[in-house]
Amino acid sequence: MNSYFVHPQAIVETTDIGDDSRIWAFAHVLPNAKIGSNCNINDHTFIENDVTIGNNVTVKSGVYIWDGIRIKDNVL
């Protein structure tokens, strides 16, 4: 059982997701993306392969995060 939530209408191809993270409807996360613990990925977002998102990060609706981006912990 996963220790994170993925909305049924999200496309999440990675399994590298930390505990207590939430990924909402119409988000698309590619297979090599890394998402930390306690993250909130809002609706209509796109996260490419070469992306690392730290712990306690919120990605607001409609945000696209492209290859090469590294987001540190505790970022909104």
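## Exposure of His44

A residue counts as buried under 20% relative accessible area, as exposed over 50%, and as partly exposed in between. In this predicted model, His44 has a relative accessible area of 47%, so His44 is partly exposed.

His44 sits in the loop between strand S6 (40-41) and S7. Leaving aside residues up to four places away in sequence, His44 touches Ala25, Phe26, Ala27, Ser61, Gly62, Val63 and Tyr64. The C-alpha atoms of His44 and Ala10 are 8.8 Å apart, although these two residues are separated by 34 residues along the chain.

## Phe5 and Trp24

A pair of aromatic rings is described by the distance of the centres and the angle of the planes. The structure contains four aromatic pairs. In one of them, the ring centres of Phe5 and Trp24 are 5.0 Å apart and the planes meet at 50°, so this pair is tilted.

The pair links distant parts of the chain: Phe5 belongs to strand S1 (residues 5-6), while Trp24 lies in the loop between strand S3 (22-23) and strand S4 (28-29), 19 residues apart. Phe5 is partly exposed at 33% relative accessible area. Trp24, at 30% relative accessibility, also counts as partly exposed.

## Phe46 and Tyr64

Phe46 and Tyr64 form an edge-to-face pair, with 6.0 Å from centre to centre and 65° between the planes. Phe46 is in strand S7 (residues 46-47) and Tyr64 is in strand S10 (residues 64-65), so the pair ties together parts 18 residues apart in sequence.

With a relative accessible area of 17%, Phe46 is buried. Phe46, Tyr64 and Trp66 make up one aromatic cluster. Tyr64 is also among the residues that His44 touches.

How values were computed
Residues are numbered from 1 along each chain as its sequence is written. This is a predicted model: local features need pLDDT of at least 70, side-chain atom pairs count only at pLDDT 80 or more; totals for chains, interfaces and linings use all residues. Side-chain values use heavy atoms; hydrogens and water are left out. Rings of Phe, Tyr and Trp (its six-membered ring) pair if their centres lie within 6.5 Å; planes under 30 degrees apart count as stacked, over 60 as edge-to-face and the rest as tilted. Helices (H or I, at least four residues) and strands (E, at least two) are DSSP runs, numbered from the N terminus. Buried means under 20% relative accessible area, exposed over 50%, partly exposed in between (1.4 Å probe, protein chains only). Contact means heavy atoms within 4.5 Å.
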